[in-house]
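Student: Could you walk me through one part of this model up close? I'd like to look at the strands and the charged surface, with a quick word on the rest for context.

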Amino acid sequence: MLVSRIFGRTLLAAVRSETSSATAAAASVTRNPLQEFFEVDRSIDDDKPVVYGRSWKASELRLKSWDDLNKLWYVLLKEKNMLMTQRQMLHSQNLRFPNPERIPKVRKSMCRIKQVLTERAIEDPDPRRTAEMKRMINAL
Amino acid sequence: MGSRLGRRVISFANLPIKLLMPSSFNNINEIALKTIPSASKIEIKRVLESLYGFDVEKVSTLNMEGKKKKRGGLLIAKPDYKKAYVTLRSPLSISPELYPIRIIEEEKQRMNKQTKSSVVEDGEGKRHWLDEKARATTEKKTERFGNRDHRDNRDNRRGGVGGGGEVAKFPWSSMRTPATAEKKPEIFGKRDDRHRDRCGRGDVAKSPARGLERVKMSLVLAPHGLKPQQVICTSDRMRSSGGSGDVKFPWSSMRSPVTSEKKAERFGNRDRDRRGRGGE
């Protein structure tokens with residue numbers, strides 16, 4: 001559990017999604033896609049402070065493969081959308097958005113993913129594959 | 001690899017999507033989101049289908065400018081955004097127990113409650129407009145008989161109607177706030193109409209401000225010539241003016257505090273004063 005406190009909240013989700021992707025098909029049938037815009041298992045009562053980890057470090061990201069980083073990217077993107085949705089909803093009622101520093105953490109982790117992938121693409125000896133990878137990385 | 005000319009494959013989609021609060025929690029057929037202005041409908045549809053798993057029927061978009069505030073020479077602008085309305089093929093529902101929804105609902109209800117008056121009036125508790133109407137009709141009936149000639153009674157009653165005849169609960173009970181002032185003419189209005197009809201004047205404008213003490217209208221009074229004065233319309237002694245000869249305006253039968261005060265001072269000289277003023 002110490003591991004979960006250190007790493008970003010999305011680490012656990014990524015690990016879960018990689019290992020149990022086969023069995024997750026049955027479990028996700030009843031999941032409401034609207035719920036992905038809201039935070040999982042966070043109750044209204046304010047007793048316990050919300051635990052969230054820190055952002056991903058570049059050194060940790062370099063250990064991952066391309067596909068892992070791809071999946072992690074989308075996990076982080078959903079997290080960022082969820083946080084921004086929460087912030088927008090609270091601000092529309094003039095309430096305070098607690099822990100706003102989570103959004104830059106997610107954003108910087110996504111930036112580091114792209115940085116790590118670009119580093120790998122530069123070191124590739126084949127120039128065509130380099131260009132290809134760069135195009136894939138920076139395309140939007 | 002990924003270099004198809006017809007359809008680009010995007011491996012790292014980066015679309016910020018903020019969901020707006022849905023209108024209801026069950027049977028959601030259409031959801032609203034905010035994105036960056038450079039997102040296209042097709043892209044939004046693809047992202048929602050592939051990443052989130054919505055079954056999207058239609059996406060309609062519009063570009064909106066962020067709100068701008070100008071302070072002095074400085075312009076503070078919120079970023080422009082694109083609103084997208086996404087219709088779903090099958091209705092969804094969401095439980096309000098997820099995190100920020102309950103708080104927002106509570107806040108909305110609190111805001112709705114705060115729009116009522118912040119001054120607590122006498123006799124205010126849980127009221128319904130039908131109760132008030134019933135009270136007004138019963139008051140009308142009791143006042144019709146026996147109280148016409150006693151002006152003092154009417155004055156006292158006007159002071160006491162605000163409390164409904166009860167003991168004043170608050171030190172500010174005798175104050176007229178806009179809330180109480182607006183309620184009064186409903187009660188007085190019906191009485192005035194009947195009196196006026198008896199006097200033969202049915203054409204006075206039935207403005208809601210007639211019974212108010214505080215609302216000021218500038219009226220030209222017939223006996224005063226062309227001097228516009230700030231008068232306050234009072235509802236008492238209306239019937240005493242029936243039959244005056246020098247009436248030029250439809251509101252001449254109304255008593256302003258100017259005329260009514262003078263009457264109070266010289267109680268016996270009413271007719272002489274008016275005739276005298278008519279000659280000025």
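Tutor: Read along its sequence, chain A goes α-α-α-α-α-α-α, which comes to 7 helices and 0 strands. Of the 140 residues in chain A, 37% are buried. Keep in mind that this is a predicted model.

Now for the strands, over in chain B. Here 4 strands form an open sheet, and going across it you meet them in the order β1-β2-β6-β3, with antiparallel pairing. The sheet's edges are β1 (18-19) and β3 (56-64) of chain B, each of which pairs on one side only. Look next at β2 (residues 28-35) and β6 (residues 81-92) of chain B: these two pair in the antiparallel sense over 7 bridges.

On to the charged surface, still in chain B. Lys67(B), Lys69(B), Arg71(B) and Lys78(B) gather there in a patch of positive charge. Arg71(B) is a handy one to pick out of that group: you'll find Arg71(B) in strand β4 of chain B, which covers residues 68-71. Is Arg71(B) buried or exposed? Its relative accessibility is 58%, and exposed means over 50%, so Arg71(B) counts as exposed. So when you click on Arg71(B), you're looking at an exposed residue that belongs to a positive patch on the surface and sits in a strand of chain B.

Note on methods: Residues are numbered from 1 along each chain as its sequence is written. Chains are lettered from A and ligands numbered from 1 in the order in which they are written. This is a predicted model: local features need pLDDT of at least 70, side-chain atom pairs count only at pLDDT 80 or more; totals for chains, interfaces and linings use all residues. Side-chain values use heavy atoms; hydrogens and water are left out. Patches are made of residues with over 30% relative accessible area and no salt bridge: like charges are joined within 9 Å, nonpolar side chains (Val, Leu, Ile, Met, Phe, Trp, Tyr) within 5 Å. Accessible areas come from the Shrake-Rupley method with a 1.4 Å probe; for residues, only the protein chains shown count as cover. A salt bridge is a side-chain nitrogen of Lys or Arg within 4 Å of a carboxyl oxygen of Asp or Glu. Lys and Arg count as positive and Asp and Glu as negative; His and the chain ends are not counted. The place of a charge is taken as NZ of Lys, CZ of Arg, CG of Asp or CD of Glu. Buried means under 20% relative accessible area, exposed over 50%, partly exposed in between (1.4 Å probe, protein chains only). Two strands pair if DSSP finds at least two bridges between them.
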